[in-house]
Amino acid sequence: MRVFGHWCAAVALVAAGAVGYPSTVHTQAPAAKGDATAVLAAARQALGGEKKLSAVKTVIATGRTRQVRGDNLVPIEFEIAIELPDKYVRKDEIPAQETGVTAAGFNGDELVQDPPPPPMPAMPAPPAGAPAGPRPNPSAARVNTLKQDFTRLVLGLFGTSFPTYPLTFTYVAEAEAPQGKADVLEGKGPNNFTLRLFVSRDTHLPLMVTWTPPAPPQRMGGRGAPGAAGAPGAPGAPGAPGARGAEGARGAEGARGAEAARGAAPAATPALPAGAPQGARGATAPPESRLYFADYRDVDGLQLPFRLRRAVGADTVEETTFDRYKLNSKIDPKRFEVRK
């Protein structure tokens, strides 16, 4: 794909000398209790310290995302508004298209979306004598996806998850690249959600989050034989049509002061520890997704990433640059208004 190739070259220039994690992953024996807690505590200290991080109640972030859609490279201008612990919305505008401003997020367990979602069609009547089945709730599924996006983003900003989508972490491995090492934590959350967080051994800053989306459902072929469904594009990716979530600005490379953290798109999917999700190895499973954090800078005493890069398998699909963060600014409650 010509446009994609040209954009990858541009990204390589932005991140000259960058390398993606992991080059090699060594599975270790079960870590002593408290290792994951210690890694997260060191990360929060590197990000600014517990006192300063805990004092943050709101975040407003603005910037630009460049996203690959087919053969096109689409520029997106965004604004993210977060009111901790359970309010989030991302507003997107595509200058090259006359589609207007769109927004998606959540307020607690309610979907925030503009334009609002269309009304649900009437449910067909069940067969005579059959019990009525549960009414599907697409908004709930959408909120779940947005909360997962939010959770991945805030791991790079705060080094923790929040009660709106809590994760339980365990220490699983050590990752190695030519420029350095990273501790690897596995986080598990609601609805069988699992991710891995890579934290630099040198700077203790978050470097990357990886996850494997669930395999798409099998479709039956014309003769009843199962056929593989197409791999999903990237549900919940910010800037994606109808699915602007809180990866908030995907894709970048590493962290300030850690050359090992700088991430260009990995050349190949590395070997995974025993028991890890197989991702692209399965015939129908989607490839592993990766969100890189890079270019950490001081913002009111905190270290926040100003570049993100998102990759699917070996392909970079989105790069985001933050222009500005505003902390503890008052946010108009209408931003999180649930429209019926």
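What share of the contacts in the chain with a separation of 6 or more comes from residues 24 or more positions apart? The share is 60%, where contact means heavy atoms within 4.5 Å. This is a predicted model, in which local features need pLDDT of at least 70 and side-chain atom pairs count only at pLDDT 80 or more, while totals for chains, interfaces and linings use all residues. Residues are numbered from 1 along each chain as its sequence is written, and side-chain values use heavy atoms, with hydrogens and water left out.

**Overall make-up**

- The chain holds four helices and 15 strands; these are DSSP runs (helices H or I, at least four residues; strands E, at least two), numbered from the N terminus.
- Of its 340 residues, 47% count as buried, meaning under 20% relative accessible area, with exposed over 50% and partly exposed in between (1.4 Å probe, protein chains only).
- The accessible surface of the chain is about 16,100 Å², and carbon and sulfur atoms account for 55% of that surface. Areas come from the Shrake-Rupley method with a 1.4 Å probe, and for residues only the protein chains shown count as cover.

**Nonpolar cores**

- The largest nonpolar core has 49 residues; such a core is a set of buried Ala, Val, Leu, Ile, Met, Phe, Trp, Tyr and Cys residues joined through side-chain atoms within 4.5 Å.
- Helix α4 (residues 138-158) supplies the largest share of this core, eight residues.
- Another core, of ten residues, lies apart from the largest one and includes Ala 173, Ala 175, Ala 182 and Tyr 292.
- Phe 158, Phe 169 and Tyr 325 have the most contacts inside the largest core.
- Beyond its neighbours within four places in sequence, Phe 169 touches Ala 36, Leu 40, Leu 155, Leu 185, Glu 186, Gly 187, Leu 195 and Leu 197.
- Ala 141 also belongs to helix α4, but Ala 141 is partly exposed at 47% relative accessible area.

**Strand β8 and its partners**

- Strand β8 (residues 180-189) is largely enclosed by the rest of the structure, because seven of its ten residues are buried.
- On one pairing, β8 meets strand β7 (residues 168-177) in the antiparallel sense over nine bridges; two strands pair if DSSP finds at least two bridges between them.
- Within that pairing, Lys 188 of β8 is opposite Thr 168.
- Strand β9 (residues 193-200) also runs antiparallel to β8, with eight bridges joining them.
- Leu 185 has Leu 197 in β9 as its bridge partner, and both leucines are among the contacts of Phe 169.
- The hairpin of β8 and β9 has three residues between the strands, and there Asn 191 takes a positive phi near 60°.

**Salt bridges**

- Side chains of opposite charge can pair when their charged atoms come close.
- The structure holds 18 salt bridges, each a side-chain nitrogen of Lys or Arg within 4 Å of a carboxyl oxygen of Asp or Glu.
- Arg 339 and Asp 114 form one of them, at 2.6 Å from N to O. This pair links distant parts of the chain, 225 residues apart, with Arg 339 in the segment after β15 and Asp 114 in strand β6 (residues 110-114).
- Arg 339 is partly exposed at 40% relative accessible area, and Asp 114 is partly exposed at 33%.
- Asp 183 and Arg 201 meet in another, at 2.7 Å from N to O. Asp 183 lies in β8 and Arg 201 in the loop between β9 and β10 (206-211), so the pair ties together parts 18 residues apart in sequence.
- Asp 183 is buried at 9% relative accessible area, whereas Arg 201 is partly exposed at 32%.
- Asp 295 and Arg 297 also form a salt bridge, with the closest N and O atoms 2.7 Å apart.

**Buried polar side chains**

- Thr 316, in strand β15 (residues 315-327), is buried at 4% relative accessible area. Its side chain makes a polar contact with the side chain of Arg 309 at 3.0 Å.
- A polar contact is a pair of N or O atoms within 3.5 Å; within protein, one must be able to donate a hydrogen and the other to accept it, and residues adjacent in sequence count only if both atoms are side-chain atoms.
- Asp 92, in strand β4 (residues 87-93), is buried at 2%, and its side chain has a polar contact with that of Arg 90 at 2.7 Å.
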